[in-house]
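Please look at the structure first.

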Amino acid sequence: MPDEITIVVDDSPVRVPSGASVAVAVAIAGRACRTSVTGEPRGPLCGMGICFECRVTINNIPHCRACQVFSEPGMVVRTGD
Amino acid sequence: MQQRFDILVVGGGPAGIAAAVRAAECGAKVGIVDDNPNLGGQIWRGASESIGEAASWRGKLQATNVTILCGTRVFHQPRAGVLFAEHEDGLQVLGYENLILATGARERFLPFPGWTLPNVMGAGGLQAMVKSGLPIDGKRVIIAGTGPLLLAVAAYLRQKDAEIAVICEQASIRNLARFSIALLRHPQKIRQALRLRKDIRGVPFATSSWPISADGRNALESVTISRNGKHETIACEYLACGFHLVPNIELPQLLGCQIHGGYVQVDELQETSVKGIYCAGEPTGIGGVESSLVQGEIAGFSAASRPEEARKLFGARERGRDMCSLLDRTFRLRGELRNVLSSETLVCRCEDVSYSRLQKHSSWRAAKLQTRCGMGPCQGRICGPATEFLFDWSPDSTRPPIFPARVDNLAAMTEPELQQTTISGGS
Amino acid sequence: MSKSAYDVIVIGCGIVGAACALEFARREMRVAVIDREIVGGGATAAGMGHIVVMDDSDAQFDLTRYSQQLWQELRPELPDDVEYEPCGTIWVAADDDEMAEVHRKHHYYGDRGVPTEVLDPQDLKKLEPNLREGLAGGLLVPEDAVLYPPCAAQFLIERAQKHGAHLRTGANVVQIENDCVRLADGTTIPAEIVVNATGTGAPELAVGVDIKKRKGHLLITDRYPGFLRHQLVELGYLKSAHSVSSDSVAFNVQPRRTGQILIGSSRQYGAESSEVESGMLMRMLQRAQEYMPALGSLSSIRAWTGFRAATPDKLPLIGPMAGEKTKFLASGHEGLGITTSLGTARILADHITGSQPAIPIDPYLPSRLAKVFAHA
């Protein structure tokens, strides 16, 4: 198992530790996860999958809780939705 | 996918694992289900496998034939004896004879100006992110809020080479001193406490202290805290802030279990007011790991019809009960925490509802209908405890789905199919 | 509240009661509105919030169309949180029979000045790409709209208060007497005229009022902007609404301004408890997925129920209770309460003050049901 893998966040490749969550990948990429209804940038709050602040679009599926998903090579993540 | 168990355990933290182990050792067919990708719940999240209590229990679990269902969220009980749960592969239909609810607790979040900035997280929240691979070495962190979790998080982050600027505990030094003395009754806790003290030696620790605001343009840049009646602004990259824990009682409520004072009522065998449904751990009272483990064991034995084994653990459980009320008293929230909000401070983060908009209403229901507070995907898990503290509102009744679920999973069966789902006999 | 009599007391501050309060207050009558809980907390809170013209009968058309126009006039003054969206309705036809109904409706509405457009399957697909293949077409009614009812009720009552109306919440009226209403705590509030706008609660205050509860389920999803553009209703809805005794579901979805999709609808007679029933919920969602398979992958956040107030002939009760001069009803609006609230209030107030209503009130008069009403 490689130590690091690469996923794509907002069209840019990001190297993350193997086993890291997508939330971590988004943080390493320096992005916020989502945009709130009044336009604020938001990132993970609870870290355990219940606050829904870490939602991103993964492989075109919206509303994925990034803290609950392992990063996998080839994943395409879009933030800010 | 349909599966049937003699005993289904909901929640894969310490209480759930202990319950599953004991029930399986008694010969029952046991399943354990948890939302997170791995077992361990919050406190044993990513626990190192080789040593310690977590590893020991994990080992016991591996030695049984308990069916482990991770990444699986219970969202509905369509009929007695059946739970619907959602997995990325689709709907899981879980039939059971007896149910053990070990749904744990979550952090309580209280709003303050700037709390919605990226990199402001819960205390357990930041810890979970670091366990998930977030680099924290060399990063400046402020830990704030209340409760023993703050110290545990501080110790962990320290190990990971974070620079902890200060720990701000809102409880008074007097309450904490009393807590320390009371811990003398709990030898395990003393050992933990001493270890923690060593781990965080040198980290500034402030009592009667809390965050006034978090500031930054697109992410956190500094935090202003109240300490000794004065405000101090400290530059930092992360704020790990949580105000103790609230029990996850949504599933017990959905199932009709009696709730008292916000906790699930159980008898001495950990059975709830609903026959065949047991509850163990934090939902019965926030008491920590030891309490969760022993309650889990008792529930496991009870559900497996071995009450005599359960009784042997009653003494151990008694000591845990003390801990719950001790924690409650020590870390009671002070009134000043209501005064830090400005009128624009958001209270509901899903729907961006500000404090001033909520102040117009006299009940949770009216506020919900008029502002949508609590109507977002968190289903009030974040804003509910906050509005309870700010306005003394009680949440309203629990309805399915108790967790957001795909429409096709919510609609997965016809009524006749549901009636036919076997709850006893073969699977 | 002062002890000298109000000109009107309106019981119930749902959307109908709030609309009535505003009409009376604007005519400078001294009005009090009393609700046992909160503003808009009953069927108003539960419903889909659509503003639609319907044509089950000429009387239904008259009231819905008149009321829809009143909403359009009010639109510029509605605050943001009322979320008035002129998204239009598409009545969806699954087969040739239903397509014949499309044409019938098209002519009916055309004759009465309501613009509609017949859609073929290609048009339908273009307007709503998430509808399944193989539908026969539909009818677009562009002037239909949706809004968020609790805030609409709040807007109406606040405006009534600006005109001097008094509001009292958390007070339960247990009896309508000849010159007052009596509360549960025993106190009375004097009034010249009383309007019973309590929806499904109306029979409790007026023995013999033929209003039955018709339970409905709803579900709302997370935000999916652009997934749905119009309110969609299957023409089979009419079969469901017509059915007098059985439980039924029909495809009915609505886009909210938030981008969330509101999914309905279901109707049950005789169900008394407000709990979400798995069987009904599943049937309703399965029906919805038959028309829009892509709904299946959307994340659902909340489900709830509500009770519509249904009368035997599907028309509301607006006007004096039979044999009464000072006790009035404004109830029984079934699934059209939001739509017809403004029209109800206007014609009721016209009737009471002796003005000529814009549409005749006769079809809605409680006395039409030829029952003897007695106050409780």
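How many residues of chain B are in contact with chain C? The count is 32 residues of chain B against 36 residues of chain C, where contact means heavy atoms within 4.5 Å.

## Basis

This is a predicted model: local features need pLDDT of at least 70, side-chain atom pairs count only at pLDDT 80 or more, and totals for chains, interfaces and linings use all residues. Residues are numbered from 1 along each chain as its sequence is written, chains are lettered from A and ligands numbered from 1 in the order in which they are written, and side-chain values use heavy atoms, with hydrogens and water left out.

## Chain B against chain C

Chain B and chain C bury about 2700 Å² between them. Carbon and sulfur atoms carry 52% of that area. Buried area is the accessible area (1.4 Å probe) that two parts lose on being put together, summed over both. On the chain B side, Gln370(B), Arg372(B) and Val407(B) supply 25% of the area buried against chain C, more than any other three residues.

The rule finds three salt bridges across this interface. A salt bridge is a side-chain nitrogen of Lys or Arg within 4 Å of a carboxyl oxygen of Asp or Glu. Arg365(B) forms one with Glu37(C), with the closest N and O atoms 3.1 Å apart.

## Elements at the B–C interface

Which elements give two or more residues to the side of chain B that touches chain C? They are β4 (73-79), α12 (364-371), β22 (405-406), α14 (407-410) and α15 (415-420) of chain B. Helices (H or I, at least four residues) and strands (E, at least two) are DSSP runs, numbered from the N terminus. α12(B) gives the most, with five residues.

Two bridges join β22(B) to β17 (residues 299-310) of chain C, and the strands run antiparallel; pairing requires at least two DSSP bridges. Arg406(B) has Ser299(C) as its bridge partner in β17(C).

## Chain A against chain B

Here 31 residues of chain A contact 36 residues of chain B. The buried area is about 2500 Å², with 61% from carbon and sulfur atoms. In chain A, Leu45(A), Met48(A) and Ile50(A) lose the most area to chain B, together 26% of what that side buries.

The rule finds three salt bridges across this interface. Arg42(A) and Asp352(B) meet in a salt bridge at 2.9 Å, N to O. α1 (22-28) and β4 (41-42) of chain A each supply at least two residues of the side touching chain B. The largest share, four residues, comes from α1(A).

## Domains within chain B

The domain assignment, which is automatic or from a database, gives chain B domain 1 (2-106 + 246-328), domain 2 (123-243) and domain 3 (341-391). The centres of domain 1 and domain 2, taken over C-alpha atoms, are 29 Å apart. Each of these two domains puts eleven residues into their contact.

About 970 Å² is buried between domain 1 and domain 2 of chain B. Arg45(B), Glu290(B) and Leu326(B) lose the most area on the domain 1 side, together 50% of what it buries. Across this domain interface, the rule finds zero salt bridges and one residue pair in polar contact, both at pLDDT 80 or more.

Definitions and conventions. Polar contact = N/O pair within 3.5 Å; in protein donor to acceptor, adjacent residues only side chain to side chain.
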